[in-house]
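Biologist: I've got a new model to look at. Can you walk me through it?
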Amino acid sequence: MTQLKPILSHVDNIPSAGKFKPDKSSLYYIHHRLRYQTSLPKLTIWSTIFLSLIVFFFFLSPPATPAPRRGLRTTTSYGGSGWESRIKLSAKPRSGTGHTVLVTGAAGFIGAHASVALKRRGDGVVGLDNFNHYYDITLKKSRKSKLLDRAGVFVVEGDINDVVLLRKLFGLVHFTHVLHLAAQAGVRYAMVNPNSYIRSNIDGLVNLLEVVKSSIAQPAIVWASSSSVYGLNSKVSFSEKDRTDQPASLYAATKKAGEEIAHAYNHIYGLSITGLRFFTVYGPWGRPDMAYFFFTKDILNRKQISIFEGPNHGTIARDFTYIDDIVKGCLSAIDTAKKSTGNGGKKKGEAQFRIINLGNTSPVSVHKLVSILEKLLKVKAKKKVVLMPRNGDVPITHANISLARMELGRVLGEVKKTSFPRNNLAVEEYGLMYRV
Ligand SMILES: O=C(O)[C@H]1O[C@H](OP(=O)(O)OP(=O)(O)OC[C@H]2O[C@@H](n3ccc(=O)[nH]c3=O)[C@H](O)[C@@H]2O)[C@H](O)[C@@H](O)[C@@H]1O
């Protein structure tokens with residue numbers, strides 16, 4: 001500051017040109033000033049040429065990134081009459097008695113199967129999916145083009161955290177139900193990317209419930225919870241009455257939090273909500289992060305697989321549940337869901353609140369899973385038995401589905417006890433990955 005001040009005051013005291021006998025430092029200043037003044041026209045010319053060149057090359061070259069498509073990603077570009085009419089068409093049930101269902105996570109494993117089943121039986125369906133990169137996006141795109149498009153289900157590419165989009169959808173269509181399956185799945189990945197679980201399973205859920213509760217005709221909600229909420233519970237089989245306050249992973253904790261959040265919205269706003277606790281769902285078009293899927297791939301590629309074991313060679317087992325049974329459970333939950341009692345954010349009376357297990361009721365050990373795969377693939381697996389890492393897994397899951405049988409009656413009566421896998425699914429799925 002002390003050095004700056006004299007310099008600045010000197011500059012301030014420069015008189016106008018001509019009446020002034022410059023000292024050395026003033027000369028220096030004037031020299032620069034003159035140079036600047038004389039080079040100004042030149043600078044202007046060069047700048048104009050330079051800018052023209054930029055503009056010329058900008059129009060000549062192709063865009064580095066594609067322009068945002070209408071109705072996708074950015075909230076400002078949603079809409080357009082074409083986009084809206086496709087949504088309305090997809091939302092239209094075949095008959096007056098059909099439901100109109102918004103399926104979130106429609107390009108996901110369970111979402112795609114459930115959307116197609118709803119559409120095929122005559123319900124109106126609009127899908128919503130953010131096509132994130134948790135696993136190979138080509139699989140999601142293939143589910144869309146080969147299952148959903150063919151069945152006539154329009155999928156909006158967007159996020160459940162996008163409130164503007166959600167409001168737009170609820171303004172366009174009077175959904176009778178929301179089948180909320182969009183979530184960050186996977187037990188072990190929660191240690192890699194914990195925030196994605198909060199974003200999808202907590203923030204996303206709350207955003208959706210906020211929009212649903214404010215809508216004029218509140219739809220009933222059926223959503224995906226998880227068997228993982230039983231956590232460290234050691235009592236089998238798992239009944240809905242058992243404790244669920246000891247999650248073993250952040251994933252499980254977010255699903256449990258979801259159940260509590262759902263209860264609050266049911267209590268305050270009269271939203272009809274059914275949470276389905278899915279037990280390790282498998283089948284065609286399944287998720288590549290699940291053991292049956294990557295075991296198949298690795299066995300075929302002669303790569304070593306790790307089989308988890310508990311302490312003292314304890315068996316690790318899962319109540320693997322076939323996708324068709326889960327889809328039946330979802331549809332039945334929709335059919336038996338009572339209407340929400342509120343509208344526009346106001347509760348008019350008590351509303352239905354359910355939490356229901358959906359599982360096969362016959363746990364299969366990981367060893368058994370691998371031996372079934374070996375038999376089907378006709379390849380001996382390179383197995384390495386390792387102590388189950390403490391990264392969210394639990395030793396065993398086993399569903400008690402008495403409540404499902406009671407509540408979902410008609411449809412779940414058909415759930416058969418299946419041997420695992422019911423057919424050559426894992427192999428089919430592997431083939432599928434290579435066709436996409
Ligand atoms: O039912 C559920 O609630 C959960 O089911 C699955 O989670 P998980 O049962 O862990 O399914 P996989 O990841 O396919 O694992 C199946 C079995 O293989 C075991 N495993 C996994 C990976 C591995 O390398 N080795 C191994 O032995 C696991 O411990 C587990 O017993 C899903 O990934 C979750 O999204 C879902 O919520």
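Biologist: What percentage of the 436 residues in the protein is buried?
Modeller: Buried residues make up 41% of the 436. A residue is buried if 20 or more other C-beta atoms lie within 10 Å of its own, exposed if 12 or fewer, and partly exposed in between, with C-beta atoms placed from the backbone. This is a predicted model, where local features need pLDDT of at least 70, side-chain atom pairs count only at pLDDT 80 or more, and totals for chains, interfaces and linings use all residues. Residues are numbered from 1 along each chain as its sequence is written.

Biologist: How many helices and strands?
Modeller: The protein has 13 helices and 13 strands. Helices (H or I, at least four residues) and strands (E, at least two) are DSSP runs, numbered from the N terminus.

Biologist: Take V178. Which strand is it in, and is it buried or exposed?
Modeller: V178 sits in strand 4, residues 177–180. V178 is buried because 26 other C-beta atoms lie within 10 Å.

Biologist: What is V178 in contact with, neighbours within four places in sequence aside?
Modeller: L102, V212, P219 and I221. Two residues are in contact if their C-beta atoms, placed from the backbone, lie within 7 Å.

Biologist: Switching to the ligand. Which residues come nearest?
Modeller: A185, S226, M290, A291 and F308, out of 20 residues around the ligand. To count, a residue needs its C-beta atom, placed from the backbone, within 6 Å of the molecule.

Biologist: Which element gives the most to that shell?
Modeller: Strand 8, with three residues. Strand 8 (304–309) and helix 9 (291–300) each supply at least two.

Biologist: How do the shell residues divide?
Modeller: Into 12 nonpolar, six polar and two charged. Ala, Val, Leu, Ile, Met, Phe, Trp, Tyr, Cys and Pro count as nonpolar, Asp, Glu, Lys and Arg as charged, and the others, Gly among them, as polar.

Biologist: Now helix 4 and helix 10. At what angle do they pack?
Modeller: Helix 4 (residues 109–120) and helix 10 (residues 323–336) pack at about 60 degrees, axes 10 Å apart. Axes are lines fitted to C-alpha atoms, for helices over the stretch in contact, and angles run from 0 to 180 degrees between N-to-C directions.

Biologist: Which residues make the contact?
Modeller: I110, H113, A114, A117 and L118 from helix 4 meet I323, I326, V327, C330 and L331 from helix 10. They divide into nine nonpolar, one polar and no charged.
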